[in-house]
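Opened the notebook to jot down what I looked up in this model.

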Amino acid sequence: MCRHLLVLCLCTGALGWAAPAWAQTVEELEARVADARISLAVAEAAEDSARGRLDSTRIGTLRLLGRPELLSRNEPAAERAWASLRRALGPDTTIVSGLIIYLYEDPNRSTFSGAAGTVRLGDSGPSSMFPGGAEHVQPLRLRRTYSVSAVANSIERVVYDHVFYRVMPESVREWLDAPTSFDTVSRGEWTGSYIALTTSDLNIGHQCFQRNIAACTKALWLTVSETPNVDWFTTAEAQALAQNSMAFTAMQCAGDVTQCPEFLRTTLPRPPLDYNTRQRLFRLALEVGGEGAIHRFLLAPDRIEARLEAASGTDLGSLVEEWTTRVRNAPPPGSGFSTRSGTVTVIWILVVFGAALRSSRWR
Amino acid sequence: MFKEILRTEWNWSRYAVVVTVVAAFALPLVAIQPTGMESQSLYGTTAIMNVMRRYSPWFGGLAMLLGLVFATTTWGADHRGHHVYALTLPVPRWQYVVMRYSAGLLLLCAPLAAMWFGCLVASAAAQIPTGLQAYPYALSLRFAFATVLAFSVFFAISAGTTRTAAYVLTVLLVVGLGQVGINVFGLDRNVIGWILDSLVVWPGPLEIFTGEWMLIDV
């Protein structure tokens, strides 16, 4: 309880301190609150360290920090996570070496003192640790009930979020739009892309679904263009988009189709497919490329199509074609009714009917 | 004897049969009607999906209602006559129940067929954009399964005695009071939530009612 109050006070304090000087948007405020939470965990680590209760371990280039019993209990999970990361990374594993993952469980402590007092809010945010190869401590809260695979997934997620995504160039981060795992895309995820394509509001999405590779290349934002909206939207679609905007260029476009290209040029990019769809192409490239795909991806020239080609070892057209094939091969079951559901219903009907047969005529 | 039971059940429930046949036939047509206009718009795919989602609960609700109406009318006359008629018949109880159930199911076929036919007509009439498909067979089959399940549940409840109903109510009361007790002692256990999940999540009995009922879907 006290700890929750402490977190609340720290976050509120951080907000109060940061808001007038720094925070311009809600996103910035949220980022600062997240930093404050991280700082709290780092402070706990410092306190543990000061009291001699902290140990560290290294698996490959993956470094873990935490109480000895916690480290030993989660070592199998860390090894599993490392094996998975190693497969994705290929020969260059040093990229992970700047990261230290601090494992902790809810400590249930009633006070917050000692070495923790030396840690100032905002000093240990993840952004301050990159670039330059400096070390970055990233806390990872675990629960006692977590399975080995859950802990392994959490460790992998921390590495994906705080190493790969951060070291990637701005253009790649803009394209991915969010941290992603490197796992093989599951059938359910392909089905998600199937739905995204077939329910797309733009014609280019439907063309892509019809195996038009040029349309897919545009829809997946793989072509470099100063005005991507112009590539994605038809004039009619631009006019429909303009109906929902109060911008001057939008109103011009709504009244005069010749003004729509100007409206599209001045509007922020609105990709026809969401970032999940693009991330699945990225993960497919890693799957096709096999070992070392990430390494090749990072070393390739700074164009997303060149990086994907390098990672996958194939040309972009073949990769996109494979992507469309995988998407089209994963249609949803449709109408929400399955054989499994029907079978269970029949069983329940028989059970209930059996209960009715046992009723008595004697009232 | 089955013929007589069927005839009497028809007499008791013929108005319900007619009304439910009309409702079952009309529902898919009503659900598809707004899409005629919206599919012409630029964002037709999303519009159709949203319309289908809006009408989705009506299909499950109608299936439940059909089951309730037919099950209660099946036993209604017996309840009113204090089951004297059933006692006078020279057949064992289980045989009588089977005949009542079969007669109810047979009458239920009319609205189920109406739903199937309505789905077919609605699918043929709808302007379906590229990428979407109509599922008249899957939807009407699901509707049939759900209706028969609801009919069976309400049939079993209606076949029971007052004492059985009292037992069921007592169990519900105990569960409710138990949850209150758990909350009072500050334990982090949601028994009612667990029971509801067990009912509606596979392989729970009501799983077929959950999820979306989409005549037109991806």
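**Ground rules.** I'm working with a predicted model, where local features need pLDDT of at least 70, side-chain atom pairs count only at pLDDT 80 or more, and totals for chains, interfaces and linings use all residues. Residues are numbered from 1 along each chain as its sequence is written, while chains are lettered from A and ligands numbered from 1 in the order in which they are written.

**Chain B, overview.** I looked up the secondary structure of chain B and got eight helices and two strands (DSSP runs numbered from the N terminus: helices are H or I with at least four residues, strands are E with at least two). From the N terminus the order is α-α-α-α-α-β-α-α-α-β. Chain B has 218 residues, and 35% of them count as buried (buried: 20 or more other C-beta atoms within 10 Å of a residue's own; exposed: 12 or fewer; partly exposed: in between; C-beta atoms are placed from the backbone). I also checked contacts in chain B between residues at least 6 apart in sequence: 79% join residues at least 24 apart (contact: C-beta atoms, placed from the backbone, within 7 Å).

**Helix 17, chain A.** I checked the length of this one, residues 316-328. Leu316(A), Leu319(A), Val320(A), Trp323(A), Thr324(A) and Val327(A) are buried in helix 17 of chain A. Down the axis, these buried residues fall within an arc of 135 degrees, so they line one face of the helix (the arc is taken over directions from the helix axis to the C-beta atoms). They pack against several helices of chain A, including helix 14 (275-289) and helix 16 (304-312).

**Helices 14 and 16, chain A.** I then looked at how those two partners sit. Their axes come within 7 Å and cross at roughly 30 degrees (axes are lines fitted to C-alpha atoms, for helices over the stretch in contact; angles run from 0 to 180 degrees between N-to-C directions). Helix 14 and helix 16 of chain A are therefore roughly parallel (roughly parallel: under 35 degrees; roughly antiparallel: over 145; roughly perpendicular: 65 to 115; oblique: the rest). Phe282(A), Ala285(A), Leu286(A), Val288(A) and Gly289(A) of helix 14 make the contact with Leu308(A), Ala311(A) and Ser312(A) of helix 16.

**Helices 4 and 5, chain A.** Helix 4 (residues 75-89) and helix 5 (residues 148-167) of chain A pack at about 50 degrees, axes 8 Å apart. That pair is therefore oblique. Among the residues that meet are Ala81(A) in helix 4 and Ile155(A) in helix 5.

**A to B.** Which residues take part in the contact, by count? I get 30 from chain A and 43 from chain B. On the side of chain A that touches chain B, helix 18 of chain A gives the largest share, 11 residues. The axes of helix 18 of chain A and helix 6 (residues 136-159) of chain B come within 9 Å and cross at roughly 15 degrees, which makes the two helices roughly parallel.

**Asn203(A).** This residue is in helix 8 of chain A. Asn203(A) is partly exposed, because 18 other C-beta atoms lie within 10 Å. Leaving out residues up to four places away in sequence, Asn203(A) touches Thr234(A) and Glu237(A).

How values were computed. Two residues are in contact if their C-beta atoms, placed from the backbone, lie within 7 Å.
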